[in-house]
Amino acid sequence: MKTIAIIGCGFSGTMTAIQLIKNAAEPFSLVLIDHPGHFNRGIAYNPSSKKQLLNVTAARMSAFQDKPDDFLNWVVGREEFTGIHRDVLANTYLPRYFYGEYLESLWSEALQSSIAQNVTVSIKHALATGMEVSDQEITLLLDNDEKVTAQFGVIATGNCLPGNPDIKNTGIFNHPRYYRNPWDAYAVKTPDLKFPVLILGNGLTMADTVLGLVENGFDNEIHTLSPHGFTTLQHGQPAIGYTAIAGEFHNNRQSLTDLLRIVIKHIRLARNQGLTAATVIDAIRPFTQQIWQNLTIREKRLFLSRLRHLWDTARHRIPSQIHDKLMKLEASGKLYLHSGKLIEITEDGDCLIVRFFDHQKQLTQEMRFSAVINCTGPVTDLMKAESGLLKKCLVNGILVQDELNLGIATDPKTFEVYDGLHESRRNLFAIGPLLKGVLWESTAVKELREQAEAISKLLINKIGQSSGG
Ligand SMILES: Cc1cc2nc3c(=O)[nH]c(=O)nc-3n(C[C@H](O)[C@H](O)[C@H](O)COP(=O)(O)OP(=O)(O)OC[C@H]3O[C@@H](n4cnc5c(N)ncnc54)[C@H](O)[C@@H]3O)c2cc1C
């Protein structure tokens, strides 16, 4: 009997497993590997606070593309929402831990049906630390010293921790007042009040971290530092969208310059209708993966160096109630957003001293902080990642990074990873944020549920072929 091993069981790994069980055509074994705290939930849906919200409304968070109301139906059936109108719930940004519960309930249903589907499931509460791959077999080494052997593997290890900043004093990264992992509750629970806290980065994780600190009683100032210092934008009315740009995209390649012209034209048109530029970026979403794949490498590099910060600001927005809380903190002098460049972090007794060049004031500032929390977003250059597994795989030639070092080089149609010789491996697949370099949009539930379904169907086919079915 063939075995499929899934490494990492956040949304992507869990949904691949669920789709595999659902689509099973003949018997196979499924081995799922992740540590217990993250199993089913991953990073995103195992939040440090019950108040952290999804950044997508309930109506658009179904785990299944063919059942778009699945999450909403699950929510409507919950006791705590009794009496709330379905349409209100559909347009609500619900707490992220709820979504984790939803995933757990989907997994529990799938596990029950696995026996009838002839799928043998085994769960390893461990991390994979090493991998050996031949044409026939994949062997995984786990940190509990177990070995897993499978004929097929799916790498679903998701988002890496943020990369450490580019400073000379790298010893500071081991200091207890420097927090590399912003998703660990420890980061918002432990800073003492004596000095302000500095958050590196100014995106969605910054918003969670600021509110997490406040929720845990942190009453001193909170400062953020990012190259552009843009304020995180809020979502508009979920029901109001801009669609006119859709007709502009076609299958033929469009240059970055042409695309920019189209986007600028439609931002102007949208604004004339009272809509924001962000609604235009939302409208491009169904075409983004294709557009990205059609760009030349030079255009992709240009986009990353000149336009990425604008794209990210318009694309990754926060619910308005979170935005309001941040605005209030800013207005009351508790939150300061600096635009600048970090120069150095050093230690001085009970604080960290941070030097940065302030772009607005055009001078170097030096400030003392109780803690520095790194919210600069997951590192994509895997050689700078904390995970031993992927780095080892790159060094051993099992995997290669894509040409922009945004993730793993993978065939965008079959999800088979490429090896060090740029040949696709027929037995090893990748899913999720690791495909950013190949697809650009490969982060949200909307894309990942499609990938999970596609990979599971390809795998079921391969199992059928290899057993002569
Ligand atoms: C804070 C946050 C909030 C988000 N909110 C939303 C939202 O509201 N809506 C939306 O659509 N998207 C959201 N996203 C995007 C999110 O990336 C995806 O929705 C999805 O959760 C990604 O799932 P994943 O399984 O690919 O990765 P992850 O959630 O990162 O899961 C990867 C799993 O792999 C495990 N792992 C890693 N290395 C190993 C190893 N060596 N061995 C075994 N296991 C390993 C980890 O423990 C983890 O459980 C959010 C992301 C973040 C970070």
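Trainee: Which residues are buried in H6?

Mentor: Happy to, and please keep in mind that this is a predicted model. In H6, the buried residues are Thr205, Met206, Ala207, Asp208, Thr209, Val210, Leu211, Gly212 and Leu213. Nine of the twelve residues of H6 are buried, so this helix is largely enclosed by the rest of the structure. Its length makes sense too: at 1.5 Å a residue, the twelve residues of helix H6 (residues 204-215) should span 16 Å, and the end C-alpha atoms are 17 Å apart, which agrees. Just after H6 comes Gly217, with a positive phi of about 90 degrees.

Now let us turn to the ligand. It is surrounded by 33 residues, and the closest are Ser12, Asp34, His38, Tyr45 and Asn55. Of the shell residues, 20 are nonpolar, eleven are polar and two are charged. Tyr45 places a polar side-chain atom 2.7 Å from an oxygen atom of the ligand. The backbone takes part as well: a polar backbone atom of Ala128 is 2.9 Å from a nitrogen atom of the ligand, while a polar backbone atom of Ala156 lies 3.5 Å from an oxygen atom of the ligand. Taken alone, the ligand exposes 1,000 Å², and the protein buries 92% of that. As for the elements that give two or more residues to this shell, they are helix H1 (11-23), strand E2 (28-34) and helix H13 (445-466).

Key:
Residues numbered from 1 in each chain as written. Predicted model: local features only at pLDDT ≥ 70, side-chain atom pairs only at ≥ 80, totals over all residues. Heavy atoms only, no water. Helix = DSSP H or I, 4+ residues; strand = E, 2+ residues; numbered from the N terminus. Expected span 1.5 Å × (residues − 1). Buried < 20%, exposed > 50% of the residue type's maximum accessible area, 1.4 Å probe, protein only. Near = heavy atom within 4 Å. Polar contact = N/O pair within 3.5 Å; in protein donor to acceptor, adjacent residues only side chain to side chain. Areas by Shrake-Rupley, 256 points an atom, 1.4 Å probe, with all protein chains shown as cover. Nonpolar A, V, L, I, M, F, W, Y, C, P; charged D, E, K, R; others polar.
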